[in-house]
Amino acid sequence: MKSLKRILTLLLALVMLTAALCGCKGGNSGTDTPKESTAPAGPVQGGELTVGIAQDLDDSLDPHKMTAAGTREILFNVFEGLVKPDENGNLIPAVASAYTIADTGDTFTFTLRDGVKFHNGKTVTVGDVVYSINRVAGKDSDKPLIAQFSAVQSVEATDDHTVVIKTAEPYLEFLSYLTAAIIPEGSDPADGLVGTGPFRFVSRKAQENIVLERFADYWGTPAYLDKVTFKIIENANVLVMSLKSGAIDLCAHLTSTQAAELGKDYKVAEGSMNLVQAMYLNNAYGPLADVRVRQALCYGVDRQKILDLVNDGMGSVLGSSMYPAFGKYYNDLSGFYTQDVEKAKALLAEAGYPDGFELTITVPGNYQIHVDTAQVIAEQLKAIGVKCTIQTVEWSAWLENVYKNRDYQATVVGFDTSAAMTAQSLLARFQSESGKNVCNFTSPEYDAAYAKALAETTEDAQIQDYKDCQRILAEQAAAVYVQDPCDLVGMRQDLDGYTFYPIYVMDLSRVYFTA
């Protein structure tokens, strides 16, 4: 963790910067980080890889119930849906070989791919697909396991190769949620994880490791690696030391400072984390229930300085709950709030806090980028009279107290798209009644705009509605939005093939050792 002295020193150093720093999406990062080698080298079939990760998987490895981005990131290698995303964010057939969507937008017909096998050796059937979709939709329980599947009206196998899913209303984005895992009919993931992906689950030791092995009967292009062990190292300093010592071979989500420590024996690939990092606010807590206070906090920070200090200027400044990779849906509100100390003070005084107030920022200590961001925010907010205390906690405690129980004042984390590349997946959590509304954000205007977006039958109208949703989140300061962080992946020089996706996943089926 950076000391307060280091933060102040970095703030002073900013004034002396004369060269513009480039973002991480292409171009030079402006750091001395070693770059990925461009020398041609052939892939080696086989080998064992050890990957360092900053957190254990969350409390549920059930692919239909998992909540943490870090869990989805790993299980992406084990489970597949009828469709899956590629590195460009496009949906491509997976367990299904083809699909059609009716002009009415409420009927989705899938043709199953021949010969797809589960990790237990059994061939996928239409019964497995019907069971999986019905399970996610909660047809045999009180509620759907994934909220968007409440739209499912029926799931029917019309022959041995065809499954038809009907929704109660036209649902333009529903296809994106059909990345939901197909599992064996009648199975319970609590009894064993059985998917169709390029790797099969072998074992898990809580707080120690997760082991996967290459699935030889995978229907698609097989993985190069024979075995992957995810080693859990929650201490950020130990994580980097483990990479430098050779105890691990690869580690994602490094800060620029961590990457710079690696030296010439390692290479660093640059991409985007595809997260909305923000200081999320508990809108039901005391001062934060007043929109003027939340707006004051937004005016109290300088986002670009945060990027400059935390990650050498790399990343994308955000102004609402969506990041640039969403293209047509993205409403660029990065300039909605610019730092204005006097305006922030005036808003606080108007709200009844002329002398400011105290604020506790709870941060998962295993994510250095969130800890560093919280420290810079705390330093900046001093200028408007807000005295911040940073409370670092273990990931499990953050999940329980902040995410589940909403027992917090403010927190710095990043939220992703839940593996579905849809605007809805990022914006749904701010709907007043959402079980994932960790901010306790309540806005009739937002609820109306969000409901209108879901009901649209044309894409152009839906795009505009979703942009309206983003504007409302900015205007009402649901959170202090910061950035889509740059993702730095450190690895051995003899590794290659790491591919960045526009969603938060780690596809290890393409990674290989070089000859």
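Predicted model: local features only at pLDDT ≥ 70, side-chain atom pairs only at ≥ 80, totals over all residues.

1. Thr 196 is found in the loop between helix 4 (174–177) and strand 9 (199–205).

2. Is Thr 196 buried or exposed? Its relative accessible area is 0%, so Thr 196 counts as buried, the limit for that word being under 20%. The side chain of Thr 196 also makes a polar contact, at 2.9 Å, with the side chain of Glu 80.

3. The axes of helix 7 (residues 291–299) and helix 9 (residues 341–350) come within 8 Å and cross at roughly 165°; helix 7 and helix 9 are therefore roughly antiparallel to each other, since angles over 145 degrees are described in that way. On the side of helix 7 the contact is made by Arg 292, Val 293, Gln 295, Ala 296 and Tyr 299, and on the side of helix 9 by Val 341, Lys 343, Ala 344, Leu 347, Leu 348 and Glu 350. Seven of these contact residues are nonpolar, one is polar and three are charged.

4. Helix 8 (residues 303–311) and helix 10 (residues 368–381) pack at an angle of about 135°, with their axes 10 Å apart, and helix 8 and helix 10 are therefore oblique to each other. Helix 8 passes helix 10 in a right-handed crossing, and the residues of their contact divide into six nonpolar, three polar and two charged.

Methods:
Residues numbered from 1 in each chain as written. Heavy atoms only, no water. Axes fitted to C-alpha atoms, helices over the stretch in contact; angles between N-to-C directions. Helix = DSSP H or I, 4+ residues; strand = E, 2+ residues; numbered from the N terminus. Parallel < 35°, antiparallel > 145°, perpendicular 65-115°, else oblique. Contact = heavy atoms within 4.5 Å. Nonpolar A, V, L, I, M, F, W, Y, C, P; charged D, E, K, R; others polar. Buried < 20%, exposed > 50% of the residue type's maximum accessible area, 1.4 Å probe, protein only. Polar contact = N/O pair within 3.5 Å; in protein donor to acceptor, adjacent residues only side chain to side chain. Left-handed = near helix turned anticlockwise from the far one by under 90°.
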